Amino acid sequence: MTIVPPAVKPARPFFSSGPCAKPPGWSPEKLQTESLGRSHRAKIGKSRLQLAIDLMREVLQVPDTHRIGIVPGSDTGAIEMAMWTMLGARPVTMMAWESFGEGWVTDVNKQLKLNANVMNAPYGEIPDLGAVDFTNDVVFTWNGTTSGARVPNGDWIADDREGLTFNDATSAVFAYDMPWDKLDVTTFSWQKVLGGEGAHGVLILGPRAVERLETYTPAWPLPKVFRLMSKGALVEGVFKGETINTPSMLAVEDVIFALEWAKTVGGLHGLMARSNANAAALGDIVAASDYLGFLAADPAIRSKTSVCLTVKGADEAMIKKMASLLEAEHAAYDIAGYRDAPPGLRIWCGATVDTADIQALGPWLDWAFAQANAKS
């Protein structure tokens, strides 16, 4: 039996959850190149790094009370830097409901040996937010990239908390409104919602986090790329475009393009609207399907960026087949679920994806499912 493929393909079939789709209209020829081949410590390099920081502050609406720095190692480097430099001053609560959160638990308990309290939840769910003890430092992931589950908002975070909040927000910033007064440490990589190039992380510190750095010295040695203090004082240059190690100026120019694009679509609220529209379009596809479902069943905690889908009767082999069929047809790239997650599909719905492409994807998912289940 011949299964006829749909007539219309997504114009940009880039649905990877990281690195994600480039902004609409992007091309390498549109990037400024004057900083390339120059030292990042030269005036031009520092000015472009500072511009990237200033644009992130503007688009994310980060208050002046918070410092923003570009650090090495993507989001992983940023959250590790934060944990290694600030944890240990008081008890720690680790929250984990997907693979990256579980990784931070491993580092804190097996590497730093802090014997943290761990609050777990299965893929597609989150722990009881009402049970969090804010006399502790609390480390959590706002949006679980590999599980499609997120915190609903920041209301659960205590205003009178004694500990610090450490927010791994890599798939959340630019798609949700961050309550900066409740976030002491926030980390992300611009390869997600902005569609930037990988390898660079961003660290945002509120005043309580800075106070921790200035009053607490961890018991363990810190590698150079983690050091935010020098001679008892915060290294302010990190938050003024003076990076700890050599950044890729090409990646910096790329994220400047993305941030300038973000301003043209309405800034933060425009980005949020685009992501919401994409998630809604995918929701319509799931609602009309008899084989698709959401890994995060509760809409209140369902991601609007890294949307994870269940597929009726699917095992890992079937998911790989569907993903391969779609890639071969150039209808969808990189939509198999994360390797540690239950077998399923993962569709990126962040702001750099066009809603028309999500809508065009629906019939192709039907086709791939039919092909994967066809008798030879």
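Modeller: Quick definition first: a residue counts as buried under 20% relative accessible area, as exposed over 50%, and as partly exposed in between. Also, keep in mind that this is a predicted model.

Colleague: Okay, then is Asp354 buried, partly exposed or exposed?

Modeller: Asp354 pairs with Arg12 in a salt bridge, N to O at 3.3 Å. Arg12 lies in the segment before H1 and Asp354 in the loop between strand S12 (345-348) and H8, so the bridge ties together parts 342 residues apart in sequence. The relative accessibility of Asp354 is 24%, and since the in-between class runs from 20% to 50%, Asp354 counts as partly exposed.

Colleague: How many residues apart in sequence are the parts that Lys46 and Glu242 tie together?

Modeller: Those two side chains meet in a salt bridge, 3.2 Å from N to O. Lys46 sits in helix H1, while Glu242 is in the loop between strand S9 (233-234) and H5, so the parts tied together are separated in sequence by 196 residues.

Colleague: What about Asp184, buried or exposed?

Modeller: Asp184 forms a salt bridge with Arg208, with the closest N and O atoms 2.9 Å apart. That pair links distant parts of the chain, 24 residues apart: Arg208 is in helix H4 (residues 207-215) and Asp184 in the loop between strand S5 (165-168) and strand S6 (185-189). Arg208 is partly exposed at 26%. Asp184 comes out at 3%, so Asp184 counts as buried.

Colleague: How far is Asp107 from the nearest side chain of opposite charge?

Modeller: Asp107 lies in helix H3 (residues 99-111). Leaving out residues up to four places away in sequence, Asp107 touches Glu80 and Leu112. Asp107 is buried yet has no salt bridge; the nearest side chain of opposite charge is Lys110, at 9.5 Å.

Colleague: On to helix packing: how are H7 and H8 oriented to each other?

Modeller: Helix H7 (residues 316-328) and helix H8 (residues 355-373) have axes 9 Å apart and pack at about 125 degrees. The crossing is right-handed, and the contacts include Met318 and Leu325 in H7 and Trp364 and Phe369 in H8.

Colleague: Last one: what separates the C-alpha atoms of Gly293 and Gly344?

Modeller: Gly293 sits in strand S10 (residues 292-294) and is buried at 15% relative accessible area. Beyond four places in sequence, Gly293 touches Val286, Cys308, Leu309 and Thr310. Gly344 is 51 residues from Gly293 along the chain, and the C-alpha separation is 9.4 Å.

Technical notes. Residues are numbered from 1 along each chain as its sequence is written. This is a predicted model: local features need pLDDT of at least 70, side-chain atom pairs count only at pLDDT 80 or more; totals for chains, interfaces and linings use all residues. Side-chain values use heavy atoms; hydrogens and water are left out. Helices (H or I, at least four residues) and strands (E, at least two) are DSSP runs, numbered from the N terminus. Buried means under 20% relative accessible area, exposed over 50%, partly exposed in between (1.4 Å probe, protein chains only). Lys and Arg count as positive and Asp and Glu as negative; His and the chain ends are not counted. A salt bridge is a side-chain nitrogen of Lys or Arg within 4 Å of a carboxyl oxygen of Asp or Glu. Contact means heavy atoms within 4.5 Å. Axes are lines fitted to C-alpha atoms, for helices over the stretch in contact, and angles run from 0 to 180 degrees between N-to-C directions. A crossing is left-handed if the near helix is turned anticlockwise from the far one by less than a right angle, and right-handed if clockwise.
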